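Please look over the sequence and the structure shown below, and then read the briefing that follows them. The points are grouped by topic.

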Amino acid sequence: MTTMRRMTVGQALVEFLAHQWTVDGEHRERTIAGTFGIFGHGNVAGLGQALAQVNASEPALMPYHQARNEQAMVHQAVGYARMHRRRGTYAATASVGPGAANMITGAALATSNRLPALLLPSDTFATRVADPVLQQIEHPHDPGMQVTDAFRPVSRFFDRVQRPEQLYSIALGAMRVLTDPAETGAVTIALPEDVQAEALDVPVEFLQDREWHLRRPLPEAGPLARAAAAIRAAQHPLIVAGGGVLYSVAEQQLRRLAEATGIPVATTQAGGGVLDWDHPQYVGGVGATGSTAANRLAAQADVVIGIGTRYSDFTTGSRTAFQHPDVAFVNINVASFDAYKHGTQLALVADAREAIVGLHDALAGWRVDAEHAERVAREKAEWDAVVDGAFSPSGLALPGQAEIVGAVQAASAPEDVIVQAAGSLPGDLHKLWRVRDPLGYHVEYAFSCMGYEIAGGLGAKRGLLADGDERDVIVMVGDGSYLMLNSELVTAVAEGIKIIVILVQNHGFASIGHLSETVGSGRFGTKYRAYDPQAANFQGDQVLPVDLAMNARSYGLDVIEVAPSPTAIGDLSAAIAQAKASDRSTFIHINSDPLRYAPDGEGWWDVPVAEVSDLESTRAARAVYFEQVAAQRPLLGSSIPEVRS
């Protein structure tokens, strides 16, 4: 006879989640490491009560963490998941209405990055007895539609627990998607506030430990043989490594393949860390924010071996990066959706690590020819010299961002983690940051979400601490992104979690300001300046008297201000050393010159320019755009190389 326990839906769900385990080979860890929650109307009596009850009886069963913003809760879960290579994450609960709505951006970020996060937004009464309730959205044409329905297009799994008995199938379905490498992303269970507090008899089997074994599918023999034949026939092959290599824990296998064959390796933003920067086969980032080495080799490549990449427009240079007339793509991905991109006929739907091992064996005895190997070495050496020059201090009172990146690079330890997400910093880091550890580079760029940096960095630090790893997490953030979402600094202080935040102050949106110039809009609306009522714009010279260092100090952080001076870069290096020696979170503020750009990597990004305009600057930009778009290719990779005798 099945043993039953009388519990509320909230209590049953919390205890269920506490007993879920991810297993990856010999590795086993809790799938849901804890729960973030901001309580309010909708979840305080349901999940809030359940978490309080667990905390009173067994605090370690489901640890609870406060947050200051619902979006930031999801960002923390994503940062944690990245550090744990998608094998663990957090749950996040929010109240009805605005609390739930605040999480939607985080859900979109998790799904676009293929990183797991469990979202538990509250919903209005399932019974509709008290209708409408506070914070309810009313649609006369569809009374059942609520804020939580907005999670549907940004979630990999969505369901609503309308009746207590539905909890079992919904919770199990959510866990299946959360732990599936091909399906994972934001997983959303909407929980009406009355249902959360309703009781049901729960079978104890539902509450016992359950293991979710990660799928690591092997490559099929036929596709593997065709892929190997295409590579053997190539004269100028190139590997484009994405985040899938890291999530498959395949960096060692990739290194073996690159060393055995001599094939150069370029990386996407998510793939940073698959090889150390000074490895002979590593040629840097590829695409719109890539290096000249990677982009020149990409332009010549006749076979592109994409491993664990979703081929975003930045990676493909908006389909201008790969210029060989008969370029073919060998796409290795656990998700067929990504494996078949660009119309390839050489898709390998398989785990990255298993496919790399298969290719290594199938390519035994084959190497790129001496001419291609020499070209790879030459392009790498040239780009490394360019980066050396970009890192050289200018001695100006306001250093360029490349100099700042160089100073952070030099002052950090090889194992430290750099975290970034939006603005001009991701592009500069992709070009310039010299990654020295597989987990050392964490730039969220699938969604490029302003405001991710601090919350994501805090989540990354949580992930490291959960493994007993004390390395430093260094968050670099511009003032524009900082102003979007900085409240989780309070969370770091409250829990005594150390992160180092380096704020690059340029008084505006530096990245979009530059982009605005390229499309002929003259940085309109991108400067932080006082409003000019005569011109009716913000284009004047009066810089706002905003003190972000004081803001961080008010949160309780240690603050170091680097004053504008010819020694600013040296002062920054000293500040980082001081921050690393401390056991407290430290905020370092430095001013920069947004008009001093990082070196050009010869990549391109398609941002359309107005076809007609009264502005001469826009007309000039349109002419340049017309020339650049001519290199764009509407179809890539459908051909298969002929096997040479």
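At 25% relative accessibility, F509 counts as partly exposed, a class that lies between buried (under 20% relative accessible area) and exposed (over 50%), computed with a 1.4 Å probe on protein chains only. Y528, by contrast, is buried, with a relative accessible area of 18%. The model is a predicted one, in which local features need pLDDT of at least 70 and side-chain atom pairs count only at pLDDT 80 or more, while totals for chains, interfaces and linings use all residues. Residues are numbered from 1 along each chain as its sequence is written, and side-chain values use heavy atoms, with hydrogens and water left out.

**Aromatic pairs**

- Rings of Phe, Tyr and Trp (for Trp, its six-membered ring) pair if their centres lie within 6.5 Å, and planes under 30 degrees apart count as stacked, over 60 as edge-to-face and the rest as tilted.
- By this rule the count comes to 13 aromatic pairs.
- One of them joins F16 and F206, which are stacked, with 4.4 Å from centre to centre and 10 degrees between the planes.
- F16 lies in helix 1 (residues 9-18) and F206 in the loop between strand 10 (199-203) and strand 11 (210-213), so this pair ties together parts that are 190 residues apart in sequence; helices (H or I, at least four residues) and strands (E, at least two) are DSSP runs, numbered from the N terminus.
- F16 is buried, with a relative accessible area of 0%, and F206 is buried as well, at 6%.
- The rings of F509 and Y528 have their centres 5.2 Å apart and their planes at 70 degrees, so that pair is edge-to-face.
- F509 sits in the loop between strand 21 (500-505) and helix 20 (510-518), and Y528 in the loop between helix 20 and helix 21 (548-554), so that the pair links distant parts of the chain, 19 residues apart.
- Ring pairs also link F16, Y168 and F206 into a cluster.

**Helix packing**

- Two packed helices are described by the angle between their axes and the distance between the axes.
- Axes are lines fitted to C-alpha atoms, for helices over the stretch in contact, and angles run from 0 to 180 degrees between N-to-C directions.
- Helix 3 (residues 70-83) and helix 5 (residues 104-112) pack at an angle of about 20 degrees, with their axes 7 Å apart.
- That angle makes helix 3 roughly parallel to helix 5, since angles under 35 degrees count as roughly parallel, over 145 as roughly antiparallel, 65 to 115 as roughly perpendicular and the rest as oblique.
- The contact (heavy atoms within 4.5 Å) is made by Q71, V74, H75 and V78 of helix 3 and by T105, G106, A107, L109 and A110 of helix 5.
- Helix 17 (residues 452-466) and helix 19 (residues 488-495) pack at an angle of about 30 degrees, with their axes 8 Å apart, and these two helices are therefore roughly parallel to each other.
- Their contact is made by I454, A455, L458 and R462 of helix 17 and by E488, L489, T491, A492 and E495 of helix 19.

**Two single residues**

- T618, in helix 23 (residues 616-629), is buried, with a relative accessible area of 4%.
- Not counting residues up to four places away in sequence, T618 touches V519, G520, V609, A610 and S613.
- R6, in strand 1 (residues 4-8), counts as exposed at 58% relative accessibility.
- R6 touches A199, L200 and D201, again not counting residues up to four places away in sequence.
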